[in-house]
Amino acid sequence: YKRQHMPTISVLTPAQKVRRPFVIEAGQSIAAQHLPDGWTLEWVVQEDGEQPGLGDDIAAFPFARYQPNNQQLGEGQTRNLALRRAVGELVHVLDSDDLLLPDAMATAINAFSRYSHIHWVAAQADDLLPDGSRVSFQLPIETGIIEPGIVSDYMCHNHADFLPVHTAGLTVRTTTTRALGGWGSYPRGADVYLLAALVELTTGYVPSTVTWLYRKHPGQVTATLDWDDVSRQVAIQRITAIRELGLNLH
């Protein structure tokens, strides 16, 4: 009897021990996921820092796979090391201080099942404030299928202080993520470095429902502008280079 392959989604989380309470809450939100029939989930936690301290906490989650860097590398490189260990067909980005709503992974998986030609799903989020309240906001683009070039045109021509889709809520085909080189190593803009190539080269999807919570707190790395001048320059340079070379994915 040959065991049938069970598709897997890999949730990638770069973490630091200073955020231990948030990391545990993130794991609990993963444990509460309602996955479609036949799917399984793994939580790939990569701890950044010279003196790791989250191993025992992550071990409490049976679906988790933990590894420390044993050095300070930064978020982009840490996420790439998690990507190296991922076994799923899909990878989902979950920062250590954010939370998934129970249908988050099912929403993404079902989109990939319904639209076989998409490479990414960019989930909508509410801001989660320190008092526990939630704040929603209107996306500047339509939901549904997003053709190549739509988001990248917005990124190049609009100077708003936010992106039209959130980099911290992406679910992407693992092969696509690896083919595009994963996340950049810029001190800021690592997320948008990948996003710029994704939205310029491939088709994606934005669900109409909110599926995760973007936590606002004093220690937040992106507590200032999510879409600053460095991130904008990184994104536009990559989009421009792709267009100048005439690159495309079939």
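Trainee: What makes the largest nonpolar core a core?

Mentor: A nonpolar core is a set of buried Ala, Val, Leu, Ile, Met, Phe, Trp, Tyr and Cys residues joined through side-chain atoms within 4.5 Å, where buried means under 20% relative accessible area with a 1.4 Å probe, protein chains only. The largest one here has 34 residues, and Leu12, Trp120, Val151, Met155 and Val206 are those with the most contacts inside it. Keep in mind that this is a predicted model: local features need pLDDT of at least 70, side-chain atom pairs count only at pLDDT 80 or more, and totals for chains, interfaces and linings use all residues. Residues are numbered from 1 along each chain as its sequence is written, and side-chain values use heavy atoms, leaving out hydrogens and water.

Trainee: What makes helix 7 and helix 8 a packed pair?

Mentor: Helices here are DSSP runs (H or I, at least four residues), numbered from the N terminus. Residues of helix 7, including Val192 and Leu201, meet residues of helix 8, among them Val234 and Ile242. By class, that contact has 10 nonpolar, 1 polar and 3 charged residues.

Trainee: Why are strand 5 and strand 8 called edge strands?

Mentor: Two strands pair if DSSP finds at least two bridges between them. Strand 5 (99-100) and strand 8 (134-135) each pair on one side only, in an open sheet with the order 5-12-7-8. Strand 5 and strand 12 are joined by 2 bridges, so they meet the cut-off of at least two.

Methods:
Buried < 20%, exposed > 50% of the residue type's maximum accessible area, 1.4 Å probe, protein only. Contact = heavy atoms within 4.5 Å. Nonpolar A, V, L, I, M, F, W, Y, C, P; charged D, E, K, R; others polar.
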